[in-house]
Structure formats: structure tokens, C-alpha cells
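Hi,

Here is the structure I promised to pass on.

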Number of protein chains: 2
Amino acid sequence: MKKRSITVAFQGAPGAFSHRAAQQLFSEEVKVKPCQTFGEIFDAVSDNTASHGVIPIENTLHGSIHENYDNLLRYRLSIFGETTVRIEHHLITPPGVSFKSLKRVYSHPVALNQCRVFLQKHKRLEPLSYYDTAGSVQMIMSERPPEAAAIASETAAKIYGAAILKRNVEDNSQNFTRFFLVAKQDSSGLEPCSETGTWKTSIVFAVKNSPGTLFRAMACFALRDINLTKIESRPNREKPWEYMFYVDIMGRSNEPGVQRALTQLAEISSFSRILGSYCPRTR
Amino acid sequence: MKKRSITVAFQGAPGAFSHRAAQQLFSEEVKVKPCQTFGEIFDAVSDNTASHGVIPIENTLHGSIHENYDNLLRYRLSIFGETTVRIEHHLITPPGVSFKSLKRVYSHPVALNQCRVFLQKHKRLEPLSYYDTAGSVQMIMSERPPEAAAIASETAAKIYGAAILKRNVEDNSQNFTRFFLVAKQDSSGLEPCSETGTWKTSIVFAVKNSPGTLFRAMACFALRDINLTKIESRPNREKPWEYMFYVDIMGRSNEPGVQRALTQLAEISSFSRILGSYCPRTR
């Protein structure tokens, strides 16, 4: 796949945190395809409307995004990259607006909730909910509602030509989202693996819910000194007595030790699938 | 603690899904204390403004709510009950309003997003974001904006005397949220354990991130045939090379086998804490 054919689908308006993730993953600016839902991202990559998709997979405050694990299982795409974005919220206005003149702030309710300390300190600022963080910047720039600001990312401010009036109005500095890059096949254009980047492999498998089944599954990795960096169980609602596990291990799926571990896992689980091998990337 | 002294704190307006969870947990109507944030719930129970708190801990689509695991660690409350609420969204209006007359629908953006199929089918209904699902019902009942409906729970419709015009406008019928009941000490007034209810214990522990550490922790349970119903890892951001694990096991913390497993776990982990033993309850 040639570099010029790269189009990255993500959920949200241009300037969303997913857009920032896409910028971190690729070595230069790429075409983007904003989508309304996560399902649309997977559809776009499946039918070649986009070459890649960027999906959030977990957040340090809110946990794993199961919907996207479901999508990874439902569609036949693989993971080729990983990046982490710190969720930083800024107070954004059209250029030249003073802080003192502000009376209302638009953003997504989740973002407003994450800036509660700032909003409580400045009680004159009425929080008003909007569909999307980046979309609220687009709206204040195009419609120019009086005395209004938005709360969104730096990327959103840049894209819509807005000014950042106050940086980092979020309550919690430990708010990070981890994103996966998904595609049908490996492709050029990605940032090289970072210095500290070592390969990881994501796996999904299912075992019957009885004592010791998970322990036997863990043994596949522990007996080969393969380190786990994530494990998460999820009841399988279609098969009530089964559990699904999401596991990330250190190593690449084509390394002999990892291959042997995965063969053993397939033997003892009722279902298993390699979602992809990748290394962390950042620009 | 006497029954009449029960006050249950939860996040959201009256009629929120947390309110429904509270109704499922107690054998009769109890006083409620709506809170704006999860932290406020823990504060209210800690300073005795409320006797109990109801907190969402995981959702089938969105995963674990890490913020509440953090609160469980930060505050010294215990878990005494568990219940699961199916997230059902209904189209709600003041009584006597016809579906044909509607032009706009208010709700929290997450709820609007979960009713995308319905909203796409009825494109004349403009989705308008509001701070809270139950709050949007309260608003349409008190302010009566013209040609407007809300999307929220049945509990919200009942509380504000509104009518359900269309039931179950949500896309996904597999949307469930699991709630914990937290308190300082055990208390009367709870629904008895359900017939199928068997005791569970929730534990948090930390181990160093090196191959085999999790495997050794799992051995504490597997070697005693104690079944795990949940496991989830989370990087410890304060100690970069450590992982935190949330584990639910079958059994009560005062059973001899469970006690021995927990003693062994304490021995091999750098930190461990029992969050509580409880059985599922439903009314």
C-alpha cells in the first residue's frame, strides 16, 4: 500500500483525541475520515473506504472499551500499531476573546465532568453540553455565540483556528487513552517503533468457567517466561458459562516461544484468536 | 443500624439507573441522596450523611469503571451487595403527547448514541444533548419545551409523572451495568440473597511486573479449586513497574479455604485488600 493512499478513519469530529492518536501513529499528515460510530470505522476499513482505522481501546479512568474488542472479533482486521494520548482539556475561544468576558462553556458532558474543579472555581461560567468536544470548537468558531468558550483538545483549537485561553483545565492529569491502529494488512507510512518500544501481541480467548481453567491458560505463558502486560475477563453473554479473556503479552506472534505458547493456548481454550502484533509508536 | 435510618447516595438525578439499582437492592423504598460525582457518594457515606452508596462498577459495553475501583481503595468502605441493571432506554413525554407531534429528543449524549438506530429511522427527531438522562425527563416535565421528548429509564418516567411513548428504543439489548452497594458496616434492610445467589468476594492486589508473578497469585486460588469470576489488570501509574489486579472469587472471606488463599496472596503480593463479600440481590 503506497503512502499516498493512506486514509485514516476515526470516531469524532476532526480534532478529536482519536485524531491526535492518528497524528502520533503516522510519520506525516494523512487523509482522515471522521466517523460517527466505532462500527463505521470498521466498515470503512473493511470496504476499503479507509486504509486504516484508529480506535480507543482503554482509558485509565474508564477502563476497557468492550465495544471495540467486540468489533475486533466481529471484523477480520488486525492491530498494527498502538499509541497513548494524554487527555488534556483546554479552554478555547475565538482569537482575541478575554477570559473576563466569558459566561458559558460548551463541551461534551464527559469533558465538562472532567473539568469540574475549574468550573466550580469559576461559577459564572455556565457549562453547556454539546455532542462532541472538537465539534464544540467548530461551533463556537462558526456560529460565534456571545461570551462563549469551548473545552477541547489542542488539536481541535489548531484545526478550527481558535485560541487556547487556559491550558489544562482538567481535574486529573492521569487521564490517558490507549489507541489501536487497525488495518487489513501491514502498511508503510507508520512511525518507526520507538526506542523503548518492544513488541506486544494481543490475544482473545475463551475458556469454560470452572476452577483452574484460567490457571492452565496462564501456564502457557508463565512456563515460557512470557510476560503479560494486560489481562481482563469478560462474561460471554452468548455462552453463559464461558468467559472471554483479553490478554496482551510481550513478544511478536512469529517468535518461536510465543508461537508455542499460542499453540498450547489453542489446545486448552474453546476459542482463541491473535488480534495482532505491534509496537508502541509516538511522534 | 435501623431500617428507618437508611439513606442511599447515588450519582445522577432521581430516576437514574443507579436509582433503579438502589431499588433492586433494598426490600422497600428508602430515602435517597442524589450526588453529582462518584466521589461525593463516598464522602457522604464516610461522613454519615448517607448510610449506603450505590456505585456502578462495570458495564457490558464500556468495561470497568476504574474511577470507582480507585474510590474503593481510597475510602475505607466495604462492599455489601451487588445487583445488575439492564440499561433500557424509553422515549418519554408529558402525558397525552402524540408521537407524530414530536420534533426533538433530549438526553445524555451517551444515551442518544445508544439509540442511534431509532433516531436514524425517525430523522425528523432532532437529538439534543442534555446533562443527564433522568434530568432530561425532569426538564421536559417542568419546562414543557414544545414538540419535545426525552430518552431515559422507566424509573425516571414514573418519578416525574411522565408517559412512556415507545419502549426500548436502545440499539443493543445486551447493555447491562453491575452495581455495588457500599457502606461502613453491614446493615439491615437489604433484600435477602437471591435463590441462585452464591457469595462472592472482591479483592484488589498488586504484584511486580515480571514473568510469572500473576501466575503465582492465581495459584493461591487454583490450588484450592476456588473459581474466579473476574480478573482485570491495571498498570499502577504511581509505581510504573507494578500492576494492580481486581479479582472476584466465589466464596465468602470468612470461609477457611478462602482465608488461606488470601493469606497466601498477601504473602506473594506487594499489596492486597479485601473489598468485601456479598451476594447478588434483586427485587
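In chain B, strand β6 (residues 90-93) and strand β9 (residues 148-152) run antiparallel and are joined by three bridges. Within that pair, L91(B) has I151(B) of β9(B) as its bridge partner. Strands here are DSSP runs of E, at least two residues, and helices are runs of H or I, at least four residues, both numbered from the N terminus; two strands count as paired if DSSP finds at least two bridges between them.

Before I go on: this is a predicted model, where local features need pLDDT of at least 70 and side-chain atom pairs count only at pLDDT 80 or more, while totals for chains, interfaces and linings use all residues. Residues are numbered from 1 along each chain as its sequence is written, and chains are lettered from A and ligands numbered from 1 in the order in which they are written.

Back to chain B. The β6/β9 pair sits in an open sheet of five strands, ordered β8-β7-β9-β6-β10, with mixed pairing. At the edges are β8 (126-129) and β10 (163-166) of chain B, each pairing on one side only. From one strand to the next, the twist averages 40 degrees. Helix α6 (residues 133-143) of chain B lies across β6, β7 (104-107) and β9 of chain B, at about 155 degrees to β9(B). For angles, axes are lines fitted to C-alpha atoms (for helices over the stretch in contact), and values run from 0 to 180 degrees between N-to-C directions.

Over in chain A, have a look at strand β3 (residues 52-59). Eight of its eight residues are buried, so the strand is largely enclosed by the rest of the structure. (Buried means 20 or more other C-beta atoms within 10 Å of the residue's own, exposed 12 or fewer, partly exposed in between, with C-beta atoms placed from the backbone.) Its pairings go like this:

- Strand β1 (residues 7-11) of chain A runs parallel to β3(A), with two bridges; V8(A) is partnered with H52(A).
- Strand β11 (residues 176-183) of chain A is antiparallel to β3(A), with seven bridges; I55(A) has F180(A) as its partner.
- Strand β4 (residues 63-64) of chain A is also joined to β3(A) by two bridges, antiparallel. The two form a hairpin with three residues between them, and E58(A) stands opposite S64(A).

Also in chain A, helix α2 (residues 38-46) packs against helix α3 (residues 66-74) at about 25 degrees, with the axes 10 Å apart. α2(A) and α3(A) are therefore roughly parallel (angles under 35 degrees; over 145 is roughly antiparallel, 65 to 115 roughly perpendicular, the rest oblique). F38(A), G39(A) and F42(A) of α2(A) make the contact with E67(A), N68(A) and N71(A) of α3(A); contact means C-beta atoms, placed from the backbone, within 7 Å.

Cheers

Notes: Contact = placed C-beta atoms within 7 Å.
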